[in-house]
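User: I would like to learn how to read this model one feature at a time. Please give the general idea, then the case here.

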Amino acid sequence: LSLMQGRPHLPTIALVNPKGGAGKTTVALVLGTALADRGASVTLVDADPNQPLTAWSKLGVVPAGLDVVTDVNEDTIIDTIEAAAVRSAFVIVDLEGTASVMVNYAISRANLALITLQGSQLDASQATRAIKLIRKVNRGFGARVDYALMFTRTSKAIRPRTFRHIESELQQHEIPVLATHLFEREAYKALFSVGGTLNTLTPKEASNLDAARANAASLVKDVIERLRHAAREAA
């Protein structure tokens, strides 16, 4: 999982979308716990005012090497991220679903911004707003934040016409999209109700665990590859 050798700060991933309900928190939790289950040190920065990651951390056993940091604001977010990036192999920042000074500050300290969206035209429009925001931050802060879109809550078996249209538009505009989708899975919802990780859930708590774990493993692989791409571009 080492991919930033020689850099003073290790990978920081910001989950971004001006719209709430786009799956940012679920991606942050699934990605963070999957990395921790593989032995990586991870800090989850809970910058959502509803503090869903903080609530998750109080439900059950948090994996060794995973920290959840809460109570951040626009005055502390930069220091929080930079401190976490020194001590953890991966920092994942779950941001509020709005455009704000704190969101801008967090993006400016990221190596990669993951823009989550569901397969709707409304979500696609908000994802476009997020791309514009990241480009603005890059110009305003002199940053070089890479970004990619990521579909959430999709069906592995069904690809509606609207979703296919959105995919086609993204390809035409050469917007980077992760190959892995975070599918609609009962296991991801169970994490927020019983705590733990996909590896600690039992069949009584959620069905199709093997499929959910395989989906999470694919997400880890895609994100690490995108971080390597960002590192090459920044070199």
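Analyst: Start with E167, which lies in helix 6 (residues 161-172). Helices (H or I, at least four residues) and strands (E, at least two) are DSSP runs, numbered from the N terminus. This is a predicted model, in which local features need pLDDT of at least 70 and side-chain atom pairs count only at pLDDT 80 or more, while totals for chains, interfaces and linings use all residues. Residues are numbered from 1 along each chain as its sequence is written, and side-chain values use heavy atoms, with hydrogens and water left out.

User: Is E167 buried or exposed?

Analyst: Buried means under 20% relative accessible area, exposed over 50%, and partly exposed in between (1.4 Å probe, protein chains only). E167 has a relative accessible area of 18%, so it is buried.

User: Which residues is E167 in contact with, leaving aside its neighbours within four places in sequence?

Analyst: Contact means heavy atoms within 4.5 Å. With those neighbours left aside, E167 touches F151, R159 and H181.

User: How should I read D123 in the same way?

Analyst: D123 is placed in helix 5 (residues 121-141). Its relative accessible area is 2%, so D123 is buried. Leaving aside neighbours within four places in sequence, its contacts are N17, K19, A22, L117 and Q118.

User: What is the separation of R213 and D210 within their helix?

Analyst: The two are 3 residues apart in helix 8 (residues 209-234), so about one helical turn separates them. R213 is partly exposed at 25%, whereas D210 is exposed at 61%. Another salt bridge joins E225 and R232 at 3.5 Å; E225 is partly exposed at 40% and R232 is exposed at 52%.

User: Which residues of helix 7 are buried, and why do they lie on the same side?

Analyst: In helix 7 (residues 186-194), the buried residues include A187, Y188, A190 and L191. They cover an arc of only 155° around the axis, so they are on the same side of helix 7. The arc is that of the directions from the helix axis to the C-beta atoms. Among the elements that cover these buried residues are helix 1 (24-37), helix 2 (52-57), strand 7 (182-183) and helix 8. Just after helix 7, G195 has a positive phi of about 85°.

User: How many residues are in the largest nonpolar core?

Analyst: A nonpolar core is a set of buried Ala, Val, Leu, Ile, Met, Phe, Trp, Tyr and Cys residues joined through side-chain atoms within 4.5 Å. The largest has 39 residues, and those with the most contacts inside it are L35, V42, I92, L114, L198, L219 and V223. Another core, apart from it, has 38 residues, among them A110, V137, F151 and F163.

Key: A salt bridge is a side-chain nitrogen of Lys or Arg within 4 Å of a carboxyl oxygen of Asp or Glu.
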